[in-house]
Amino acid sequence: MEKETTIFPFKNDPDLDPVYQSLNRITVILIAGCEKDDDSQISLALRLTAKLRRWLIESIVHDFSNYVLGSFPDPDSPELNVGIFSIEGRHDAINYLLEVKVFCQLLMVMALLNEGKGKYEYALKVAFASVVLLQYQERRTLDLMSTRLFFYFSYSAELVGKHGDARILLMDMYDIAIGRGVVVWQEVILHLLVRSYLLDNQFCQAEILLSQISKFQSSSNRQICCYHFYLGKIQTVQLKYPAARAALQTALLRAPDVAHGFRIQCTKWFTLACLLLGEIPKRGIFYQKGMVNALRPYLQLANAVRISDLELLRTTTERFKDRFKADQTSNVIMRLQHSAIRAGLRSINLSYSRISLAEIAIKLKIKSPDPVVDMENILAKAIRNGVVHAKLDHSRGLIVSKESEGIYSSNDPQIAFSSRIAFCFGIHSKAVRAIVPVNRGEKDCITLSKVTEEELEDLIADYEFDNLL
């Protein structure tokens, strides 16, 4: 306790800004975790930092860093180009100054990203310098903070359009992680590389890297969610819709409720995977708290497919084309026209015992030079694929529906029941693998859990999920 007072003499000052008080408390927890080599306390400090992120500004972090470290380089300082910061200051006696210095760099990157577009370049410089510094430091107490710096380095490079250049450094760090045997680094860097390749639409390279991630039995819910999201996204593009829907559904089930940004992206791709399978998602997923505006274009797409209105589908696609382009879903949405046609054919097949091809073309609003011929080709393919149960009368230009059998006389109930059983067994096996035995002899862990329950009830998930993807 005496050491804390020496390092932070204004720690308990009631007149001090709450952000400074929080930073002091977090740094004390961080140093305590480093002294005991306790990853749980270091993780707690990082979760507290994530919660504090939205209130961080450059001036506050500068003042705090200057007090703790003695100095922090200016944006044009050559120190930012070589990755070496000055550590000479008022607190050279701190045994874990390196960890505190890396922590201050992490705070600065967060604060600069909060400042807006004008500070993105500076944030990238600080993040780059921090990652380069980590190349020459091999301390296990830095592992968890390093993963956060990797994320912010990749994210800031993405914001300034230099994610391709950032891949080179991330690949170097991945080689270093393999050499040192740091599994946490390997998993995080692989996810960042997959994300970078997906931004450039390089799905083959992303799939190869993703296959390497599957060998990690991660206990981090964040990494598991990322893995299933990227897997579902790649499989949707590769026309593997059933597998994509299952992966995206798993990511949605595991993602915390506070991770709005991540859940929005998952819901968008999950909606597309369902629509491309000919299924209509439940309306409730589009009306989740905090997601209504972001999911409105996809709700309109689902409505267009549900009522088989090709004109509405075209209008919606044209109206929100900029948002679809930003979400990288434009190419996938182009395939929805076939899903809308299939949904319309099923509805017509159930409603009419016989109907002419011309009337079907009018109902589905098929616009072409010869809609009857095109409709005949579409129906022939739909009948062959089992989309509709009917017979095509070419001579009279009619489609005659076959008498539909009861669903319980088919294998559909058994298939649905088997898929649900498989899903439940999968959840059970993952839960068993995620169980971590508790060492009840460590009193520090019990004390830390009490602090978490009393003061950190809303820190179930990390705040970085809002910026993820």
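Is Gln328 buried, exposed or partly exposed? Gln328 counts as partly exposed, because its relative accessibility is 24% and the buried class ends under 20%. The residue comes up again in point 8. The notes below concern a predicted model.

1. **Confidence.** The protein chain has an average pLDDT of 77. A score of at least 70 is reached by 80% of the residues. Helix H14 (residues 260-276) is where confidence is highest, at 91. Helix H1 (residues 2-7) is where confidence is lowest, with a mean of 39. Two stretches call for separate mention. Residues 1-15 have a pLDDT below 50, and this stretch has 22 contacts in the model beyond near neighbours in sequence. Residues 79-95 also fall below 50, and there the count is 43 contacts beyond near neighbours in sequence.

2. **Overall make-up.** The protein chain contains 23 helices and three strands. Of its 469 residues, 47% are buried. Take the contacts with a separation of 6 or more: 64% of them join residues 24 or more positions apart.

3. **Helix H14.** This helix has 17 residues. From first C-alpha to last it reaches 24 Å, close to the 24 Å expected at 1.5 Å a residue. H14 is mostly covered, with 15 of the 17 residues buried. After the helix comes Gly278, with a positive phi near 85°.

4. **Thr267, inside H14.** Thr267 is one of the residues of helix H14. Its relative accessibility is 2%, so Thr267 counts as buried. What does Thr267 touch, not counting residues up to four places away in sequence? The partners are Leu252, Ile285, Gln288 and Leu295.

5. **Aromatic pairs: Phe150 and Trp185.** The model has eight aromatic pairs. In one of them, the ring centres of Phe150 and Trp185 are 5.1 Å apart and the planes stand at 85°, so the pair is edge-to-face. Which parts of the chain does this pair tie together? Phe150 belongs to helix H8 (residues 143-159) and Trp185 to helix H10 (residues 183-199), so the link joins parts that are 35 residues apart in sequence. Phe150 and Trp185 are both buried.

6. **Aromatic pairs: Phe151 and Tyr152.** The ring centres of Phe151 and Tyr152 lie 5.2 Å apart, with planes at 75°, so this pair is edge-to-face. Phe151 counts as buried, because its relative accessibility is 9%. Tyr152 is buried with a relative accessible area of 0%. Phe151 and Tyr152 form one aromatic cluster with Tyr155.

7. **Charge over a ring.** Arg54 and Trp55 form a contact of another kind to check by eye. The charged end of Arg54 sits over the ring of Trp55. The distance to the ring centre is 5.5 Å.

8. Most residues other than glycine have a negative phi. Two residues here are worth a look. Leu239 has a positive phi, near 70°. Where is Leu239 placed? Leu239 sits in the loop between helix H12 (221-237) and helix H13 (241-254). Its relative accessibility is 55%, so Leu239 counts as exposed. Gln328 is not a glycine, yet its phi is positive, about 60°. Gln328 lies in the loop between helix H17 (321-326) and helix H18 (330-333).

9. **Tyr230 in helix H12.** Tyr230 lies in helix H12. Is Tyr230 buried or exposed? Tyr230 is buried, because its relative accessible area is 2%. Tyr230 and Leu210 are 20 residues apart in sequence. In space, their C-alpha atoms are 7.9 Å apart.

Notes. Residues numbered from 1 in each chain as written. Predicted model: local features only at pLDDT ≥ 70, side-chain atom pairs only at ≥ 80, totals over all residues. Heavy atoms only, no water. pLDDT = per-residue confidence, 0-100. Helix = DSSP H or I, 4+ residues; strand = E, 2+ residues; numbered from the N terminus. Contact = heavy atoms within 4.5 Å. Phe/Tyr/Trp six-rings, centres within 6.5 Å; stacked < 30°, edge-to-face > 60°. Buried < 20%, exposed > 50% of the residue type's maximum accessible area, 1.4 Å probe, protein only. Lys NZ or Arg CZ within 6 Å of the ring centre and 35° of its normal. Expected span 1.5 Å × (residues − 1).
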